[in-house]
Amino acid sequence: MAAEVAVVGGGLAGCTAAWALRWRGAGVRLFDRGGPSATRAAAGIVNPITGPNLTLEPDFRSRWAEALAFYRRVEAESGQALFHPMPLVRLFDSERQSTRWRRRLDAPGYRDIAADLPEPPASCDGEFGGFEVATAGFLDTRALMDATRGMLGDAWERVEVPPGEIAARSGGGMQWVFCEGAAAQAGSCAPDAPFAGFQFRPARGEILTVQSFGAPGDRIVNRGGAWLVPLGGGRFRAGATYDWDDLASGPTGSGRDEIETKLRRWLRAPFEVVDHQAGVRPILAGRQIRCGPHPTLRHLWFFNGLGSKGTLRAPGQALELAERLV
Ligand SMILES: Cc1cc2nc3c(=O)[nH]c(=O)nc-3n(C[C@H](O)[C@H](O)[C@H](O)COP(=O)(O)OP(=O)(O)OC[C@H]3O[C@@H](n4cnc5c(N)ncnc54)[C@H](O)[C@@H]3O)c2cc1C
């Protein structure tokens, strides 16, 4: 008999789990309470070299191939465009960062992924130089949610699974996969709940959609903690902030100011803000992704901690989860 699986949470973790479980032949029901989430806010960027230290994502090539194949399969089955490969330009912020980059190039892997940038994109200040990565792009995370909702039909229910009921969810041979993102702290990871003990360090993030007719439309550009992702038609996503203290607020004036100020430091084209969103990134202590069964309650599974790299990491984790579960 095919496994019956209930997934709690319809963000990136729950959606990728639902597809992977279906591909293994499981019957899937998904419960999502709706409202703001990290996945609804995310830019969905895949970027192999990140942060002020220019850190190369381990096993990037194999993760990229796995993620791309996953999203292409969902696209083929749903008819929705989801993943948009495009080059990513990183502009340095200082001479120090440029020197750090030249040292980085001697480490294994960097030269295979990135090349020096001959000149900065039009309308961007790049006085310290930069590099360009061809294997990058972004996932339309809201389109993934729509595609998953379309695939599941009535089996996607807009329902909140009450935190108090989570431990009791064991009926009828059903397996449960908890993918609640940062809300798991009050759900499957609450003090009396089955996955109590996982330590979260979530970060709220704000993001803007801007209209600009002079900004570069063919590449993702990243400088000084602010990036710009072209969506087409002169629209861009711009972000993002990190706030570890105030997790409760939605979009704020100070978040918007922060992104606009950072962008204006290097973007010479004018822009106008047309949308502003916020979500909470589910980050676990040690930045670990946790994906697997409960040690003793074997009908309960957990998939969380995608942090800032959900787009790249979720497909591989979801496939592994489905292989173990079904
Ligand atoms: C501003 C911002 C920008 C980002 N940019 C990027 C980026 O460029 N690249 C990248 O890879 N990552 C990015 N991220 C991170 C990425 O969004 C996350 O890694 C990913 O979306 C997390 O997915 P999730 O499914 O674990 O959590 P969520 O997306 O938060 O989904 C959890 C879902 O569970 C539901 N839920 C919770 N509790 C219950 C319950 N009891 N009953 C029913 N439903 C429930 C919630 O409503 C929600 O829909 C960004 C995040 C933010 C906030």
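These questions and answers go through a predicted model.

User: Why is Arg201 called partly exposed?

Analyst: Arg201 has 15 C-beta neighbours inside 10 Å. Buried would need 20 or more, and exposed would need 12 or fewer. The count of 15 lies in between, so Arg201 counts as partly exposed.

User: Where is Arg201 placed, and which residues is Arg201 in contact with beyond its neighbours within four places in sequence?

Analyst: Arg201 sits in the loop between strand 12 (175-178) and strand 13. Beyond those neighbours, its contacts are Trp244, Ile283 and Ala285. Each of these pairs has C-beta atoms within 7 Å, therefore each counts as a contact.

User: What separates the C-alpha atoms of Arg201 and Gly305?

Analyst: A distance of 9.4 Å, though the two residues are 104 residues apart along the chain.

User: How do you know that strand 3 and strand 10 pair?

Analyst: Two bridges join strand 3 to strand 10 (residues 137-139). Pairing takes at least two bridges, so these strands pair. They run antiparallel. Val46 stands opposite Gly137 in strand 10.

User: What makes strand 3 and strand 6 edge strands in their sheet?

Analyst: The open sheet of three strands has the order 3-10-6. Strand 3 (45-46) and strand 6 (83-85) each have a single partner strand, so one side of each is left without a neighbour in the sheet.

User: What is the order of the eight strands in the other open sheet, and which strands stand at the edges?

Analyst: The order is 8-9-7-14-15-16-13-17, with mixed pairing. Strand 8 (114-116) and strand 17 (272-281) stand at the edges, because each has a single partner strand. Neighbouring strands here are turned by 20 degrees against each other on average, direction ignored.

User: How do you know that strand 7 and strand 14 pair, and in which sense?

Analyst: Strand 7 (residues 88-91) and strand 14 (residues 220-223) share three bridges. At least two are needed, so they pair. The sense is parallel. Leu88 stands opposite Ile220 in strand 14.

User: Which strands does helix 7 lie across?

Analyst: Helix 7 (residues 253-264) lies across strand 13 (203-211), strand 15 (226-232), strand 16 (235-239) and strand 17. Helix 7 runs at about 60 degrees to strand 13.

User: Which residues come nearest to the ligand, and how does the shell divide?

Analyst: Of the 41 residues around the ligand, Gly9, Gly11, Gly181, Gly205 and Gly310 come nearest. The elements giving two or more residues include helix 1 (12-23), strand 13 and helix 8 (310-325). The shell divides into 17 nonpolar, 18 polar and six charged residues.

Methods: Residues numbered from 1 in each chain as written. Predicted model: local features only at pLDDT ≥ 70, side-chain atom pairs only at ≥ 80, totals over all residues. Axes fitted to C-alpha atoms, helices over the stretch in contact; angles between N-to-C directions. Contact = placed C-beta atoms within 7 Å. Near = placed C-beta within 6 Å. Nonpolar A, V, L, I, M, F, W, Y, C, P; charged D, E, K, R; others polar.
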